[in-house]
Amino acid sequence: MAVAVLALVPLAYVASYVAIIGPVDLWGLLARPRIAELLRNTVTLAAACMAATAALGVALAVLVERTDLPGRRLWHGLLVAPLAVPAFVNGYAWVSLDRSVHGFAGAFAVVTLSYYPLVYLPVVAMLRRLDPALEESAWSLGHSRARTFATVVLPQLRPAVLGGALLVGLHLLAEFGALSLLRFPTFTTAIYDQYGSTFNGGGATAMAGVLVLLCLFLLLGELRLRGERRYARLGRGAARTSVPLALGHWRWPLLATVATVVALAVGVPAFALVRWLVVGTSTEFPLADLTEALVATVLLALAGAVVTTLAAVPVVWLAVRHRGWASTLIERTSYVANALPGIVVGLALVVASLRLVPVVYQTATLLVAAYAILFLPRAVVTVRAGLEQAPAVLDDVAHSLGVGPLATARRVTLPLIAPSLGAGAALVFLAISTELTATLMLSPIGTRTLATEFWSASSELRYGAAAPYALLLVLVSIPATVLLMRGDSPATRTETVPA
Amino acid sequence: MSSLTLTAVTKSFGSGAAATRAVDDVTLDVPHGSFTTVLGPSGCGKTTLLRLIAGFLVPDSGSIAFGDTVVAGPDVRPLAPQSRHVGYVPQEGALFPHLDVAANIAFGLPRKARDGAVRDRVAEMLDLVELPADYRHRRPDELSGGQQQRVALARSLAPQPAVVLLDEPFSSLDASLRGATARAVLRALEATNTTALLVTHDQDEALSLADQVAVMRAGRLVQSAPPSEVYLSPSDPQVAEFVGRAVVLPGTARDAHATCALGDVVLSEPAAGPVSLMIRPEQVFVDLTHAEGVRGTVEEVSYYGHACAVQVRLVDGTSVLSRISGVRHPAPGDTVHLRVTGLVRPYRSGGST
């Protein structure tokens, strides 16, 4: 219960603010040309990026999964790699190499290259799960390969594509670092500027309200989609891989296209990092500062991971073992909070803490609370998959063998969910390590993390000084990416794999 | 080890008008060391009955006793499942996935008795369920479905429970594996002289394994008797049709005889007036050579090799199923003559005896 309440703080903050200032003042704050411009920027960028990532993600997934493209396995690895590069690091790479990359075109290119794997990965997973017998049936009914793809395969990919694109949209609404570096103002960057310059809640909160509405709009779409989803495979027969499509003389041009995407999405940041590392280390190499930032990041991430995972356990327990409207509501609540951008959560916690518990303002406690709100769903998804491995019937059996409830928890349930607790904590740890927005707003004065140090260096155009931090951020992101690649996502792993 | 006695056990789910009686006034006696199967279609309340006995559920009324010990009943605080000493073998076995075979079997043994005594007990149990001794270090996912069920039984028997409860333990197995696993389980239970209650919707399983079959329908226990009695003398025509195939024909009885569409039949008990007659398909003899009996036309033939099911339309329009040996059989369209052999069970028309 307390977990759900905490998760609702940001939403309650925005709602109560809107209620307090009243519609007239709110209209005064919102009906300004600046807001209209921000709205246009945010919506057009989100729409363009969602469309582009969907198209790019599907095309790449089909090329890698269903054709005889040379080196498919290698390309798969490289195409997922951008996930390991935080979008703000990617933005930094482009800007630092070429100052002309900015505005809508620059933001569109960088964001699309950073986020297309969010569509690519689920589509690949879906293509692998699809029963080839479906396509074979369509062929045997006289449909051509192209027509079969359009009428049989594409409709089945729809949930994966839409789900991925919605995720891109949510990420984009929350994106601060990359867009700020690329000088393309959206609600998120404007909120931050307003907060930083005037420390005035009014304008920032009104914009946060609009942002929350946009997020909820996307989330609603996501929930509807989730409700409609059906299992792709009906039979349990052995999954065969379908015969790859021969590309013929298209082979080399398409290979060049895939290579170009990889070069832009992975090559450019890698090149920029190496270049600035060389330039940067030739002037100075602040080992002490680096170590300090690394230690601070690890400690914060550790605390956040432990708190978030522990908070996830009761939520999951209720949702899995005591199904009912209340437990479902609590679980859903945490998802709603997750759709909120870090900037809103940060803003809400600043105001809420100043009003209600001023003691925690400017402390690590508040920052950890923000992390818990932001990343609870990641822990919930993972821990949930774990608890579903420990069905209630195992408790029944243990009881019938004379083992009481406490001993059952220790001897049966805990050993079974321990791996998922670990995986959940690891995911949250990695997510926190690379979190920028909430960290910038809430970290206590004097606390320097990898992300804040990177940010202060790169926003002051000290690209060389930012490079080592960027490198560490990328290194920290790699394990989570590998984890995501292995089983399409922890949520989809249902088979028992005893360690 | 002990007997199991249920007296007027009732359990409802939901409340108010939406409440359904999952188990309705069930009284059943399972003698010490015997094997009883509870047979019923899915949703008849048989699994709920099992969970009441195991202690996972508490009855609304009625009492449950192991031997002389009442574990649930009026004025008795229901004994927790972990204090009842019941073995429980759920569907799919539900082995603890993080433990190997030996640790699964030893799970319910007291901690003091670990190590030496436990090793012996595990070996003894593996031997009992006819698994090789070197299986002790296998993990559950390295076992076939049938082997998992055997380990689950060994685990439930290791602490020497008063009663073993089996919840459709063979339903997830292949048909070929089912029979062999069931026989092995039966031998293990007989060897330890354990009282056992098995719940199933499979009539072959229920009849072939048990000393006593309890037929459940819509929460009520409609008949409990030895398998041959349930098959040959079911308590009402619905039970007859659930336990194997049955031909139910209207007829008129006079003392030990009755007349029906299949001619004159001999009754298992005297009756008078209009009756329903329950005839098993294997009691209907199909005469291919002589014109003796009631004439009919073969409509459908299902050939199984060892046996053959023949659907015959009699001259008066009644359709009758017969099961004969597969050695010689008619073809659809053939004219045959039918006679009833053996005794026929009469029911008062419109209900039970």
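**Briefing: chains A and B**

Let's start in chain B, where L99(B) sits in the loop between β6 and α2 (101-105). Everything here comes from a predicted model, in which local features need pLDDT of at least 70, side-chain atom pairs count only at pLDDT 80 or more, and totals for chains, interfaces and linings use all residues. Residues are numbered from 1 along each chain as its sequence is written, while chains are lettered from A and ligands numbered from 1 in the order in which they are written. Helices (H or I, at least four residues) and strands (E, at least two) are DSSP runs, numbered from the N terminus.

**The L99(B) spot**
- L99(B) is buried, as 20 other C-beta atoms lie within 10 Å.
- For the cut-offs, buried takes 20 or more other C-beta atoms within 10 Å of a residue's own, exposed takes 12 or fewer, and partly exposed is in between, with C-beta atoms placed from the backbone.
- R139(B) is 40 residues from L99(B) in sequence, yet the C-alpha to C-alpha separation in space is 6.7 Å.

**A helix pair in chain B**
- Helix α4 (residues 145-157) of chain B packs against helix α5 (residues 175-192) of chain B at about 15 degrees, and their axes are 10 Å apart.
- Those axes are lines fitted to C-alpha atoms, for helices over the stretch in contact, and the angles run from 0 to 180 degrees between N-to-C directions.
- α4(B) and α5(B) are therefore roughly parallel (angles under 35 degrees; over 145 is roughly antiparallel, 65 to 115 roughly perpendicular and the rest oblique).
- On the α4(B) side, the contact uses G145(B), G146(B), Q149(B), R150(B), L153(B) and L157(B).
- α5(B) answers with residues including L177(B), A180(B), A184(B) and A188(B).
- Contact here means C-beta atoms, placed from the backbone, within 7 Å of each other.
- Sorted by class, this contact has seven nonpolar, five polar and one charged residues.
- In that scheme Ala, Val, Leu, Ile, Met, Phe, Trp, Tyr, Cys and Pro are nonpolar, Asp, Glu, Lys and Arg are charged, and the others, Gly among them, are polar.

**Domains of chain B**
- Chain B is assigned domain 1 (4-241) and domain 2 (245-348), with bounds from an automatic or database domain assignment.
- The C-alpha centres of these two domains of chain B are 38 Å apart.
- Six residues of domain 1 of chain B touch seven residues of domain 2 of chain B.
- The domain 1 side of that contact in chain B has three nonpolar, one polar and two charged residues.

**Chain A overall**
- Chain A has 21 helices and zero strands.
- 46% of the 499 residues of chain A are buried.
- Take the contacts in chain A between residues at least 6 apart in sequence: 83% join residues at least 24 apart.

**Domains of chain A**
- Chain A splits into domain 1 (32-229 + 253-281) and domain 2 (284-499).
- Their contact draws on 37 residues from domain 1 of chain A and 32 residues from domain 2 of chain A.
- α11(A) gives the largest share of the domain 1 side, nine residues.
- That domain 1 side in chain A has 30 nonpolar, seven polar and no charged residues.

**Helix α17 of chain A**
- Seven of the nine residues of α17 (residues 392-400) of chain A are buried, so this helix is largely enclosed by the rest of the structure.
- Among the buried ones are D395(A), D396(A) and H399(A).
- Their cover includes α18 (405-433) of chain A, plus α1 (46-54) and β6 (86-89) of chain B.
- After α17(A) comes G402(A), with a positive phi near 90 degrees.

Methods. Contact = placed C-beta atoms within 7 Å.
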